[in-house]
Amino acid sequence: MAFSLNEAQEREFEDILARYPNQMAACIPALHFCQDANENWVSPEVIQFVAERLSLPTAHVLGVVTFYTLFNQEKPGKHQVWVCRTLSCALRGSEEILAHCEKRLGVHAGGTTQNGRITLRTAECLASCGSAPMMQVDKDYYENLTIEQVDQILDRLMQEA
Amino acid sequence: MPSFKLDELEIPFEPGDTVIQAAHRVGVDIPHYCWHPGLSVAANCRMCLVEVAPPPGRPAMMLDVLRQDPTTGEYVPAKKPKLQPACQLKAAEGMDVRSQSSPHVAEARGAVQEMLLLNHPVDCPICDQAGECRLQDYWLEHQGTRKRMRDEVIHKPKAQVFGPTIVYDAERCIICTRCVRFCEEVAKDPVLDVRERGNLNEIVVSPGRQLDHGYTLMTEFVCPVGALTAVDFRFKARVWFLRSVRSVCQGCATGCNAFLDYDPRNQTLYRHRPRENLQVNQYWMCDHGMLDYRRAHEDRFVSAYVGEEEVTLEAGVNAAASALREVEPERLAVVLSAQHSNEDNFALLTLARDYLGTGQLFITNKPHGEADGILRHADKNPNTLGVEQLCGTTPPRPLQDLLAAIEAGQITHVLALSSVAPCEVEALQRLKRLVLITPFDGPLAGYADVLLPAATWAESTGTFVNFKGMAQESERAIRPEADARPAWKLIGALGRALGYAIDWQRLSDVRLAMATDPGAVVAPPPSARMAPVGAAE
């Protein structure tokens with residue numbers, strides 16, 4: 001199924017392209033925008049779309065998508081949870097938090113729950129060391145976490161409509 | 001000309017040159033994988049790192065490092081100079097560059113080698129590149145140590161089909177991106193790129209595409225290791241058994257300089273490779289040309305024929321002579337060929353003009369095809385201009401005119417070189433006699449009353465003049481098969497059978513005769529910048 005943008009998205013997409021000196025420079029922001037518009041993943045159709053709109057070789061766009069881990073090459077769950085595991089968070093108990101998440105959700109880091117709601121991931125430093133341990137849910141930070149708070153967050157994500 | 005010092009050598013350079021470029025031009029090699037004289041600079045392999053001495057009176061840029069003391073095993077503070085890639089470093093007047101003479105460079109190159117080989121499968125015994133592989137050569141020259149990594153290597157896709165002509169082995173790949181840059185910059189079809197990162201890197205073909213432009217074999221040829229292999233050459237030969245001659249591609253009027261690789265033991269051709277010539281083909285050849293060598297073994301005539309009957313060469317020559325003896329000169333036409341060398345055409349022209357006394361000169365050629373704006377020329381004949389120059393002020397007429405003259409009954413006998421034709425040739429059936437000298441089967445061969453088997457370009461040395469007017473020599477690779485002989489030799493024999501005093505025993509005899517004819521060009525011996533078989537650019 002071919003990927004396309006609606007009218008409002010088209011305007012925003014054009015606005016992104018206009019911000020860069022050349023089209024190749026707009027490749028990453030364009031991909032991010034299209035990923036958001038495509039249920040959080042970059043499908044082969046999205047790669048084709050971006051390549052055509054930016055007049056780039058398809059192989060080049062594929063190279064960019066595979067290079068950066070923030071582009072999902074498979075469809076993730078409805079929500080994405082990144083548990084930071086770098087030094088400050090590790091000292092403040094990120095290992096327990098990750099283990100708890102894995103047990104609660106029944107998946108290993110990198111996996112998606114059976115109902116397709118949550119994809120659990122680990123992250124290297126998200127630059128919130130002063131409020132460790134922390135995790136990122138979609139585009140929001142949750143800081144100074146305790147196991148109870150994590151449970152509340154996961155409950156909400158699993159239950160919300 | 002400004003110059004800089006490389007080790008103890010004084011290297012001249014042109015403004016804008018990089019160190020490696022200037023060194024390459026005077027034949028001094030700085031080890032490299034990703035740099036190619038005809039491609040943009042990527043500077044990703046780090047093999048060409050060199051040390052540059054600071055300007056007089058200035059301190060060297062030194063880095064603080066920890067170095068393991070081999071006696072105690074302890075790491076102790078040390079200093080080493082900041083090395084620079086010679087492929088990216090612009091040459092400057094008086095620069096003092098140290099390549100082989102610097103222990104720091106030697107150490108860095110060994111380290112680069114070790115890293116490139118970390119995940120390499122070391123499957124040289126089944127790798128086509130073995131014998132002309134930079135990983136092998138540089139291991140010997142710059143590393144020479146055993147592998148220290150004990151971890152399982154990273155496994156990646158093997159024998160991936162990139163297209164009809166090319167197979168890719170990601171485990172052998174060092175991600176130098178020569179192929180990626182070649183496709184984009186020379187073939188003008190950016191169909192390859194790199195995916196993933198770090199040690200998961202691999203070359204990928206554009207989704208929905210194949211590597212199928214007109215220069216896929218060249219894409220393989222720029223690969224410095226065994227990652228890209230050509231389907232045509234895969235598992236066919238070991239390169240150390242092959243020998244090379246400097247040939248000229250016969251595919252079109254561009255006249256790309258090539259190496260023709262053959263196995264002297266079985267007298268078989270195995271491949272065509274580009275030979276550097278900046279005036280003609282630079283470093284490149286097209287797929288059509290690189291596969292054209294196969295033609296030398298296909299659709300051949302290797303013995304003489306009288307009608308349908310296979311005869312000895314002597315009987316064939318005699319039959320040809322008696323066929324030509326029965327005709328008056330004005331009814332006899334001679335057809336030169338844009339497919340044959342100046343020497344072959346000169347021999348035929350001499351026989352026609354000086355001995356047979358006919359002025360009915362024609363030229364045959366392969367039909368024109370497509371040009372691609374890169375190397376391929378629309379004229380698919382290697383020597384059109386050469387034949388025109390030979391004939392001087394009375395240019396040969398096209399084959400179509402001959403066919404018209406035959407239809408009109410003006411011509412009854414034809415002596416022709418090569419069996420190609422640019423058009424339908426049914427009118428030839430009205431001829432009384434057609435004597436044909438040709439290596440290959442073709443449209444004219446079906447009408448031949450006497451056929452003499454000529455040697456191919458691979459079996460005889462000759463001069464070919466490309467569309468720019470450059471006369472270039474193509475050397476003989478293999479011996480003529482069976483009864484095949486160079487066309488000039490057959491023409492000489494035919495002349496003698498007709499009772500003329502033509503005494504061409506060797507190519508030099510023909511060339512001596514050509515020396516008195518201002519239109520007859522003999523090429524100077526070809527140049528060869530690259531090693532015949534081995535790690536070429």
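**Close-up views of a predicted two-chain model**

**Figure 1. Confidence in the predicted model.** The mean pLDDT of chain B is 94, with 98% of its residues at 70 or more; pLDDT is the confidence of the predictor in each residue, on a scale from 0 to 100. Residues 529-535 of chain B fall below 50 in pLDDT, and this stretch has 26 contacts in the model beyond near neighbours in sequence. Contact here means heavy atoms within 4.5 Å. The scores of the model are ipTM 0.86 and pTM 0.92. Residues are numbered from 1 along each chain as its sequence is written, and chains are lettered from A and ligands numbered from 1 in the order in which they are written. As this is a predicted model, local features need pLDDT of at least 70 and side-chain atom pairs count only at pLDDT 80 or more, while totals for chains, interfaces and linings use all residues; side-chain values use heavy atoms, with hydrogens and water left out.

**Figure 2. The interface of chain A and chain B.** Contacts join 11 residues of chain A to 11 residues of chain B. The buried area between the two chains is about 930 Å², and carbon and sulfur atoms give 58% of it. Buried area is the accessible area (1.4 Å probe) that two parts lose on being put together, summed over both. Helix α4 (residues 58-67) of chain A supplies the largest share of the side of chain A that touches chain B, namely seven residues. Helices (H or I, at least four residues) and strands (E, at least two) are DSSP runs, numbered from the N terminus.

**Figure 3. Polar pairs across the interface.** Between chain A and chain B, five residue pairs are in polar contact, both residues being at pLDDT 80 or more. A polar contact is a pair of N or O atoms within 3.5 Å; within protein, one must be able to donate a hydrogen and the other to accept it, and residues adjacent in sequence count only if both atoms are side-chain atoms.

**Figure 4. A salt bridge within chain B.** Over all chains, the structure holds 33 salt bridges. One of them joins Asp64(B) to Lys79(B), whose closest N and O atoms are 2.6 Å apart. Asp64(B) belongs to strand β4 (residues 62-68) and Lys79(B) to strand β5 (residues 75-81) of chain B, so the pair ties together parts that are 15 residues apart in sequence.

Figure 5. Strands β1 (residues 3-6) and β2 (residues 9-12) of chain B pair in the antiparallel sense over four bridges; pairing requires at least two DSSP bridges between two strands. Phe4(B) has Ile11(B) in β2(B) as its bridge partner. Two residues lie between these strands, and Asp7(B) in this hairpin takes a positive phi near 50 degrees. Strands β10 (residues 192-195) and β11 (residues 202-205) of chain B also run antiparallel, joined by four bridges. Val194(B) stands opposite Ile203(B) in β11(B). This hairpin has six residues between its strands, and Glu196(B) takes a positive phi near 60 degrees.

**Figure 6. An open sheet in chain B.** Eight strands of chain B form an open sheet of mixed pairing, in the order β17-β16-β23-β22-β21-β18-β19-β20. Strands β17 (309-311) and β20 (397-398) of chain B stand at the edges with a single partner strand each, so one side of each is left without a neighbour in the sheet. Strand β16 (residues 304-306) of chain B pairs with β17(B) in the antiparallel sense over three bridges. Tyr305(B) has Glu310(B) in β17(B) as its bridge partner.

Terms used. A salt bridge is a side-chain nitrogen of Lys or Arg within 4 Å of a carboxyl oxygen of Asp or Glu.
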